[in-house]
Amino acid sequence: MTEPPQTAEPTAPEPEAAPAPAADGRAYQTPAAVRRRAVLAGAAVSVLLILAIVLGSRLLRDFDSALLPYAVATVFLAFGVAYRYTVWISAPGARRLFRQGWRSFFSADNFRKAPTALPKMIATYLGFQKFLGARSHARWAAHQLLFWGCILAALITFPLTWGWFTFTSGTGDGPGYEMRIWGFKVLGFDSLNILGWLMFHGLDIAAVLVIAGASYFLWRRMKDRAAITGQRFAYDLIPLIALIVISVTGLLLTFSSIFLHGGGYEFLAILHMVSVVFTLIYIPFGKFFHIVQRPAAVGMQLFKYTSRRKDEELQTCRRCHEPIDTPDYVENLRGTMKDLKLDFDEWAEYCPRCKRVLRGNAYLTHVKKGFK
């Protein structure tokens with residue numbers, strides 16, 4: 001009799017190797033884990049905003065139900081911003097930038113050495129965006145109009161939408177009004193003087209600024225070949241069109257109430273509301289998200305500035321020996337490259353010119369070898 005064939009005993013699968021930690025010591029995070037954390041962050045921020053609306057409007061006593069769609073859109077905006085920001089800073093490069101920025105911000109040593117550095121950077125880098133002026137004075141001016149118009153509109157619209165600001169009149173129809181914040185009187189004004197006109201037409205002023213700035217960028221994206229080559233309709237054109245629609249419909253609402261005795265007001269109000277809600281929901285997932293990202297770049301600029309104020313010498317290029325930057329900044333750049341597993345982190349020790357020369361020499365060497 002022949003013996004039955006022997007079957008190999010099943011073996012347990014070998015455990016997968018643990019992902020290598022990043023250069024900053026943190027373990028690799030799976031996309032699913034990042035999304036879960038982002039959803040939790042978005043939900044937490046949304047709940048906090050809802051509580052702020054309820055409490056800030058004195059348990060909804062000052063909340064205008066006609067503005068409910070705008071308030072709901074801001075809650076979605078808060079969720080989207082928190083969600084995408086959490087995903088963004090989970091990437092190795094953004095996480096390192098984020099950590100270094102906050103480390104420099106809370107550094108007592110940096111504050112003692114350069115107490116005015118942060119206010120100056122906030123004013124020049126965030127407020128007046130001088131880095132845009134180096135590219136084009138026209139682009140800088142248009143961006144300033146767009147930026148300050150949106151800031152003014154947000155400062156007026158959001159508190160009104162949430163019921164934090166209220167304008168009340170003792171007679172019901174003016175001309176004397178009181179502005180209250182969270183139920184407390186801040187100031188009284190006459191709607192017929194200059195202050196009253198500015199208070200009631202602040203959104204119209206913001207709309208004019210936004211239309212001027214957005215129209216320039218829209219014109220540029222239709223005429224400039226460099227802009228046309230790389231632009232995408234949903235990413236580059238939709239934001240500008242949305243801002244113009246919001247501003248134009250807002251001005252038409254004022255025009256209708258003053259000159260047309262309310263003619264077409266309901267249709268314009270619905271169109272304006274739809275455009276605003278769409279834009280608020282679009283902000284976290286489109287080009288407008290750079291508004292949220294920009295402050296993090298200020299932290300990195302502060303890190304570079306405070307590093308250069310140390311007594312240590314600048315690190316020099318390994319090829320031409322020209323100064324590159326501080327050793328702290330170069331090492332931070334190398335760490336980011338290691339986190340991203342780019343396998344050429346040593347290139348951080350070369351100046352931009354030498355990088356181009358070395359890359360050109362490498363191409364030339366391969367050309368001489370011939371193509372296979």
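The paragraphs below go through a predicted model, from the chain as a whole to its core, its helix packing and a few single residues.

The chain has 372 residues, and 33% of them count as buried. Its secondary structure consists of 15 helices and 5 strands.

The interior comes next. In soluble globular proteins, nonpolar side chains tend to be buried together. In this model the largest nonpolar core holds 19 residues, and Leu146 and Leu280 have the most contacts inside it. Two or more residues of this core come from each of helix 2 (68-90), helix 7 (137-162), helix 9 (202-223), helix 11 (233-259) and helix 12 (265-282). The largest share is that of helix 11, which supplies 5 residues. Leaving out residues up to four places away in sequence, Leu146 touches Leu209, Val210, Gly213, Ala214, Phe217 and Leu243. A separate core of 8 residues lies apart from this one and includes Ile53, Val75, Ala78 and Trp162.

The packing of the helices can be followed pair by pair. Two packed helices are described by the angle between their axes and the distance between the axes. For helix 7 and helix 9, the axes come within 8 Å and cross at roughly 145 degrees. This crossing of helix 7 and helix 9 is left-handed. On the helix 7 side, the residues in contact include Ala138, Arg139, Leu145, Leu146, Gly149, Leu152 and Ile156. On the helix 9 side, they include Gly202, Ile205, Leu209, Gly213, Phe217 and Arg220. By class, the contact of helix 7 with helix 9 has 17 nonpolar, 5 polar and 2 charged residues.

Helix 9 also packs against helix 11, at an angle of about 145 degrees and with the axes 9 Å apart. The crossing of helix 9 and helix 11 is again left-handed. Here helix 9 contributes residues including Asp204, Ala207, Val208, Ile211, Leu218 and Arg221. They belong to a contact in which helix 11 takes part with, among others, Asp236, Leu240, Ile244, Val248, Leu251 and Thr254. The contact of helix 9 with helix 11 divides into 14 nonpolar, 4 polar and 3 charged residues. Val210, Ala214 and Phe217 of helix 9 are listed in the contact with helix 7 and also in the contact with helix 11.

Arg220 counts as buried because its relative accessibility is 15%, below the 20% cut-off. Apart from neighbours within four places in sequence, Arg220 is in contact with Arg139 and Ala227.

Helix 11 has 27 residues and spans 36 Å from its first C-alpha to its last, close to the 39 Å expected at 1.5 Å a residue. Val245 is placed in helix 11. With a relative accessible area of 31%, Val245 is partly exposed. Its C-alpha atom is 7.6 Å from that of His272, although Val245 and His272 are 27 residues apart along the chain.

Backbone angles give another view. Most residues other than glycine have a negative phi, and most peptide bonds are trans. His261 has a positive phi, near 55 degrees. His261 is found in the loop between helix 11 and helix 12, just after helix 11. Its relative accessibility is 75%, so His261 counts as exposed. Leu60 also has a positive phi, near 70 degrees. Leu60 sits in the loop between helix 1 (31-56) and helix 2. With a relative accessible area of 45%, Leu60 is partly exposed.

The last element considered is helix 14 (residues 327-339), which has 13 residues. From its first C-alpha to its last, helix 14 reaches 18 Å, close to the 18 Å expected at 1.5 Å a residue. Its buried residues are Val330, Asn332, Arg334, Gly335, Thr336, Met337 and Asp339. Lys341 follows helix 14 and has a positive phi, near 55 degrees.

Conventions
Residues are numbered from 1 along each chain as its sequence is written. This is a predicted model: local features need pLDDT of at least 70, side-chain atom pairs count only at pLDDT 80 or more; totals for chains, interfaces and linings use all residues. Side-chain values use heavy atoms; hydrogens and water are left out. A nonpolar core is a set of buried Ala, Val, Leu, Ile, Met, Phe, Trp, Tyr and Cys residues joined through side-chain atoms within 4.5 Å. Buried means under 20% relative accessible area, exposed over 50%, partly exposed in between (1.4 Å probe, protein chains only). Helices (H or I, at least four residues) and strands (E, at least two) are DSSP runs, numbered from the N terminus. Contact means heavy atoms within 4.5 Å. Axes are lines fitted to C-alpha atoms, for helices over the stretch in contact, and angles run from 0 to 180 degrees between N-to-C directions. A crossing is left-handed if the near helix is turned anticlockwise from the far one by less than a right angle, and right-handed if clockwise. Ala, Val, Leu, Ile, Met, Phe, Trp, Tyr, Cys and Pro count as nonpolar, Asp, Glu, Lys and Arg as charged, and the others, Gly among them, as polar. The expected span of a helix is 1.5 Å times one less than its number of residues.
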